[in-house]
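This note is written for a colleague who is meeting the structure for the first time. Please read the numbered points with the sequence and the model at hand.

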Amino acid sequence: AVNRLKGAVKLPLWVPLPQHVQFLRAERSIRKLIDDIIAERMRSPAAGPGDQDALDLLLALSSDDALDSGQIRDDVRALLFASTATTRSLLTFAIYALGRYDLLSVKDEAAALAASGQDPGLNIRKESPHMYHMLREILRMYPPAMLVDRMAKE
């Protein structure tokens, strides 16, 4: 009976349907994760201006009373999910390019980094210049912002 009603009437989240319970549980987990990230950053802020990221800038706005904690949490969530979608798009096209084209220099650099156990992290430009340029070219050819399929609710 509930399945027939689902198509006709959108039930509110407080109705204890299994999918609502699962959604609310996931929502609480994400909220806790984001709150933990914010709390950790507030305990140990960036060392200097060159080390700041988007979260540091949001926290600076909160200290000026421009944003409250709920707004910061919402902004961090938006950045988290937007960055997930764009990274997914970049990696998809990187795998496509590696399989489609003969990019031996990039494959050699990746193999050398894997064998050494190094993680280039943010120094990919210096540690693996061919891979860096390949990723930049993929971002140019397939800009991820055009591929994200999210819709605004309001």
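**Notes on the helix packing**

1. The residues of helix 4 that are buried (under 20% relative accessible area, with over 50% called exposed and values in between partly exposed, using a 1.4 Å probe and protein chains only) pack against helix 2, helix 3 and helix 7. They are Ile72, Arg73, Val76, Arg77, Ala85, Ser89, Leu90, Ala94 and Ala97. Helices (H or I, at least four residues) and strands (E, at least two) are DSSP runs, numbered from the N terminus.

2. The model is predicted: local features need pLDDT of at least 70 and side-chain atom pairs count only at pLDDT 80 or more, whereas totals for chains, interfaces and linings use all residues. Residues are numbered from 1 along each chain as its sequence is written, and side-chain values use heavy atoms, with hydrogens and water left out.

3. The protein chain contains seven helices and zero strands. Read from the N terminus, its elements follow the order α-α-α-α-α-α-α. Of the 154 residues in the protein chain, 21% are buried. Where contact (heavy atoms within 4.5 Å) links residues at least 6 apart in sequence, 43% of such contacts join residues at least 24 apart.

4. How far apart are the end C-alpha atoms of helix 4? They are 46 Å apart, which agrees with the 46 Å that its 32 residues should span at 1.5 Å a residue. The expected span of a helix is 1.5 Å times one less than its number of residues.

5. Helix 2 (residues 18-43) packs with helix 4 (residues 69-100) at an angle of about 105°, and their axes are 10 Å apart. That angle makes helix 2 roughly perpendicular to helix 4. Angles of 65 to 115 degrees count as roughly perpendicular, those under 35 as roughly parallel, those over 145 as roughly antiparallel, and the rest as oblique. The axes are lines fitted to C-alpha atoms, for helices over the stretch in contact, and angles run from 0 to 180 degrees between N-to-C directions.

6. Which residues make the contact between helix 2 and helix 4? Helix 2 contributes Glu27, Ile30, Arg31, Ile34, Asp35 and Ile38, while helix 4 contributes Ile72, Arg73, Val76, Arg77 and Phe81. By class, this contact has six nonpolar, no polar and five charged residues. Ala, Val, Leu, Ile, Met, Phe, Trp, Tyr, Cys and Pro count as nonpolar, Asp, Glu, Lys and Arg as charged, and the others, Gly among them, as polar.

7. Leaving out residues up to four places away in sequence, Arg73 touches Arg31, Ile34, Asp35 and Ile38.

8. In helix 3 (residues 54-63), the buried residues are Leu55, Asp56, Leu58 and Leu59. Seen down the axis, they fall within an arc of 160°, so they line one face of helix 3. The arc is that of the directions from the helix axis to the C-beta atoms. Helix 2 and helix 4 are among the elements that cover these buried residues. Met42 of helix 2 is 17 residues from Leu59 in sequence and 7.7 Å from Leu59 in space, C-alpha to C-alpha. At 56% relative accessibility, Met42 counts as exposed.

9. Helix 7 (residues 129-141) has 13 residues and reaches 18 Å from its first C-alpha to its last, close to the 18 Å expected at 1.5 Å a residue. Its residues Met131, Tyr132, Met134, Leu135 and Ile138 are buried. These cover an arc of only 165° around the axis, which puts them on the same side of helix 7. The face turned away from that buried side carries the exposed residues Arg136 and Arg140.

10. Leu13 is placed in the loop between helix 1 (2-8) and helix 2. At 41% relative accessibility, Leu13 counts as partly exposed. Apart from neighbours within four places in sequence, Leu13 is in contact with His20, Phe23 and Leu24. Leu13 and Leu24 are eleven residues apart in sequence and 8.0 Å apart in space, C-alpha to C-alpha.
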